[in-house]
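Okay, thanks for having me, everyone. Let me put the structure up on the screen, and then I'll walk you through one of its chains.

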Amino acid sequence: MDSVTSEQRQTLHSTADNGLKIVVVGGFGVGKTTLVRSVSEIRPLNTEETMTQAGEDVDDTVGVAAKTATTVAFDFGRISLDAHNVLYLFGAPGQERFWFLWDRLFSGTLGAVVLVDTRRLADSWYAIDRLEHHGTPFVVACNDFGGPAHTPAQIREALDLADEVPLVLCDARSRESSKQVLISLVEHLRTVVAAAPRPTPHPIPEPTP
Amino acid sequence: MSRGRPGRDDSPDRLYTLTGGRSRAGSDAFDLVTLVVSESDPVAGMQSEHAAILRMCRFPTAVVEVAAGLGLPVSITRILLTDLHDTGRISARHPRASYRLPDHDILEQVLVGLRNL
């Protein structure tokens, strides 16, 4: 508590009423927290979720000793978009062992940024595979670590990336560059939404001629 | 041997004490980004975590920020928030319900907000 209250915590507008989520996923050391820090209006905070892997129906008092609790820490930052909308950015570990938590933690997310290091592209295969299966729209952002340059085509091929998934190069330390990554995701979302069949609020009975 | 962060006591016993033995909230009403607003001031004798939440949420504060502020897991924070919500001491501004894909108008608002950064 001290770390937060002892510094001047920036408060939201009193009119803020709609929280939105974008997830930044990537392997260890790829720059997730750096990207979040670049665009966040608060110093990135860290919190954790404790999950039990036993089924939800297990009786609490009986099952306690047998459950395995897994704790996943994640960073997050915040961007006030306007008087009502507040965007939260979550940096999440992309490793396979954390993925069972994702549906719970990040349900309702707008979309995801997969942050990759071109020297370790294989680290992001699993994350991309899961996002595709889950149907969560995402963009891939290559954080520039100054390694040997790869062409976008080479990166796409190495990641086996579908043509419609945007691939952007970025410097996660740069606010402007990180902002462009988020913009490319939201523009991609707009395309995805425009292409999707509109939800029908009420089922319309098929007319039979 | 690795130790927890200084000042932290992650003993499950302590967490159970905070929540009166409950391990999960009655519902999933509180999303990570549900914005919480205090509707009253802390009163004497109140559980210290409850009082801390009321002080923290004088302006809208997301569930995840409350958890980070308290230094408690999100799941425990949700239970504490449910207590306060059930007694009318906080109100909750939930994310606007979306279908599988986000609303076009919301996306436009997000784009405008990001471009103005």
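So, chain B. If you take its contacts between residues at least 6 apart in sequence, 67% of them join residues at least 24 apart. Keep in mind that we're looking at a predicted model here. Chain B has 117 residues, and 39% of those count as buried.

What is chain B built from? Five helices and three strands. Follow the sequence along and you get the pattern α-β-α-β-α-α-β-α in chain B.

Now the strands. Chain B has an open sheet of three strands, in the order β2-β1-β3, and the pairing is antiparallel. At the edges sit β2, residues 61-62, and β3, residues 90-93, each pairing on one side only. Then there's β1, residues 35-38 of chain B, which is joined to β3(B) by four bridges, with the two strands running antiparallel.

On to the core. In soluble globular proteins, nonpolar side chains tend to be buried together. Here, the largest nonpolar core has 73 residues, and the ones touching the most other members are A:Tyr88, A:Val113, A:Val114, B:Val63 and B:Val64.

Let's zoom in on one of those.

Definitions and conventions: Residues numbered from 1 in each chain as written. Chains lettered and ligands numbered in written order. Predicted model: local features only at pLDDT ≥ 70, side-chain atom pairs only at ≥ 80, totals over all residues. Pairing = 2+ DSSP bridges. Buried ≥ 20, exposed ≤ 12 C-beta atoms within 10 Å, placed from the backbone. Contact = placed C-beta atoms within 7 Å. Core = buried A, V, L, I, M, F, W, Y, C linked by C-beta atoms within 7 Å.
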